[in-house]
Amino acid sequence: MICLTGDLHHMSLNTGNQQHSYISEMKTAILFLRLLEVYDIKMNYFITGKSFEEEWSDVKQIVFNPLIEVGGHNYDAFENEFFHRVWNKLTKNYNGPKWYQRNDTLKTIEIIKEKTGRDIKVWRNHMYMHGENTEEVLFDAGIQICSDGVKKASNEPSLHKTGIYNFPINIIPDHEHLIHAERTPQWIEKWQKRYNWSDDFGKESYYVETWANLVLEQLKDREAKGLVSNVIIHPITMYLCDNFKQVKRILEYISTCETVHMSELVKAKS
């Protein structure tokens, strides 16, 4: 069973990937949705609240498709970087104080409800930032499951004492393990020196064909063991790597497996 996910950001965030793309991130998500339709694959799109404010004409082409389940991805994806860095320095919590995180969560939920008429049940924080108040704030806001972090050994959603489920990504992520766009080998070398970054899949970055082989190997291994896979694939990253060429191999395999929306995993637990 595979839960395919991806994060979508408003263009005014001006990420490195966005700066290298000839089309908006939301338009890459629309193109990716056409591929999901071809392969009949369900997917969770975690979308920033600002995207609903600033790019509704594109967002509305995505969020009503039955293959898509919408999740929250913060309102502005921590745009006030200075504030978050200072708060993290002082408290080791990048998300900010509890009241701030609650406002961000509710503002995101409210704009999605206003535009779509729907309540969201799933969430992923931008950059997987997970603080000491995350579970309490999200659960109180009606979120049932949060997918922050990367953990190989995460085999199913785990129940937190607050009542919310956590389900980290358990397949090698795309963006931070791919050489593409601004992430040239030289850029990655400097980044590694500055942050000494690594996750459960190591610190290496790969060209897209090698990364796709790793994803397929891990998906097939987990399927053989009867384990749920939680995969993250960003449409804009796939667009920038090779205009979706390699990810079609992944989608072709996923189409042979059962796919689920993340909220369905919670229902199965109930």
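This is a predicted model: local features need pLDDT of at least 70, side-chain atom pairs count only at pLDDT 80 or more; totals for chains, interfaces and linings use all residues.
Residues are numbered from 1 along each chain as its sequence is written, and side-chain values use heavy atoms, with hydrogens and water left out.

**Asp174**
- Asp174 sits in the loop between strand E7 (165-166) and helix H8 (185-195); helices (H or I, at least four residues) and strands (E, at least two) are DSSP runs, numbered from the N terminus.
- Asp174 is buried but has no salt bridge, and Arg124, the nearest side chain of opposite charge, is 8.1 Å away.
- Buried means under 20% relative accessible area, exposed over 50%, and partly exposed in between (1.4 Å probe, protein chains only).
- For charge, Lys and Arg count as positive and Asp and Glu as negative, while His and the chain ends are not counted.

**Salt bridges**
- The whole structure has 11 salt bridges, each a side-chain nitrogen of Lys or Arg within 4 Å of a carboxyl oxygen of Asp or Glu.
- Glu264 pairs with Lys42 at 3.0 Å, N to O.
- That pair links distant parts of the chain, 222 residues apart: Glu264 is in helix H12, and Lys42 is in the loop between H2 and strand E2 (43-47).
- Glu264 is partly exposed at 26% relative accessibility, and Lys42 is partly exposed at 27%.
- Lys50, Glu54 and Glu79 form a salt-bridge network.
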